[in-house]
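Work through each task with the structure open before reading its solution.

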Amino acid sequence: MDIVTVAYILGGLTLGSALMVILSTHPVRSVLYLIVTFFMISANYILLNAQFVAIVNIIVYAGAIMVLFLFVLMMLNLSKETEPKSSIFMKLAAAIAGGGLLTVFISAIKKASLIDPSTVVNADQGLVKNLGKVLFTDYVLPFEISSVLFIAAMVGAVLLAKRDKQIID
Amino acid sequence: MLLATIFESGLSMEYYLILSSILFVIGVVGVLVRKNAIIVLMCIELMLNAVNLLLVAFSTYFGKADAQIFVFFIMVVAAAEATVGLSILVLIYRNARSVDISIFNKLKG
């Protein structure tokens, strides 16, 4: 099979599973479709020669974040019956707004002219060796600052999830 | 080691531009249409992933690694955002016994 056909099929599967995320009524099913979407996006990354990002996408998104979502969903014990429904007017307004936004995007893309990469592109940029070099030379300060962000997020999450005795009594 | 990019085998950049635009719009529509706050958070993740896909596509198109570093940082911020957002949701559920996003009306003074 041609690799361009593979890219088209992967794009179709990505869009289909992303649509199922917002169309399925059961929250758990929504989360599972989102995991499928992330795997499809990872496959797209591999097709684009970005192996490191593909693996990190699977580990961080499908592995960590979605497990967190699924865990909270199961803890809250939501089901199809407790799922809040939005009105048909709201759905129509959202569809029109989304269609308008998509029209703006597509027309902007059609108007824009892409610069052709003039030099011969070296395609092994996505390998761990090259990315590590760039990350630890040019982007070492943002990398260190992101660890501070993680500490802040962790402390915030613990503080929020802790039961406050004064509120309960 | 020299790999051939997918753009050399005939795929145009417009394909990835349109694909990630549609993915982003699906996320926007999801935020507008769903009332379950957890699904709204998931749709935000979907929008972030649409941007990530476009960044990686441009990184391969121009042969520059910087965009993939940005993807890395977006993932870091998304992980932190999901953690804090979900713990806020658990807190709201504990008080209101619901994750319906319209109960945030109470935040109005």
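**Exercise 1.** Locate Arg97(B) relative to the helices of chain B, and decide whether Arg97(B) counts as buried or exposed.

*Solution.* Arg97(B) is found in the segment after helix 3 of chain B, where helices are DSSP runs of H or I with at least four residues, numbered from the N terminus. Its phi is near 60°, a positive value in a residue other than glycine. Arg97(B) counts as exposed because its relative accessibility is 60%, the cut-offs being over 50% for exposed, under 20% for buried and partly exposed in between, with a 1.4 Å probe and protein chains only.

This is a predicted model, in which local features need pLDDT of at least 70 and side-chain atom pairs count only at pLDDT 80 or more, while totals for chains, interfaces and linings use all residues. Residues are numbered from 1 along each chain as its sequence is written, chains are lettered from A and ligands numbered from 1 in the order in which they are written, and side-chain values use heavy atoms, with hydrogens and water left out.

**Exercise 2.** Carry out the corresponding analysis for Asn49(A).

*Solution.* Asn49(A) belongs to the loop between helix 2 and helix 3 of chain A. The phi of Asn49(A), near 65°, is likewise positive in a residue other than glycine. With a relative accessibility of 9%, Asn49(A) counts as buried.

**Exercise 3.** Which residues does Ala157(A) touch, not counting residues up to four places away in sequence?

*Solution.* Begin with the position of Ala157(A), which is in helix 6 (residues 140–161) of chain A. Next, take its accessibility: Ala157(A) counts as buried because the relative value is 12%. Finally, the contacts (heavy atoms within 4.5 Å) of Ala157(A) are with Thr83(B) and Ser87(B).

**Exercise 4.** Describe the interface of chain B and chain A.

*Solution.* Start from the contacts, in which 76 residues of chain B meet 83 residues of chain A. The two chains bury about 7300 Å² between them, 77% of it on carbon and sulfur atoms; buried area is the accessible area (1.4 Å probe) that two parts lose on being put together, summed over both. Across this interface the rule finds 0 salt bridges, a salt bridge being a side-chain nitrogen of Lys or Arg within 4 Å of a carboxyl oxygen of Asp or Glu. On the side of chain B that touches chain A, helix 1, helix 2 and helix 3 of chain B each give two or more residues, and the largest share, 23 residues, comes from helix 3 of chain B.
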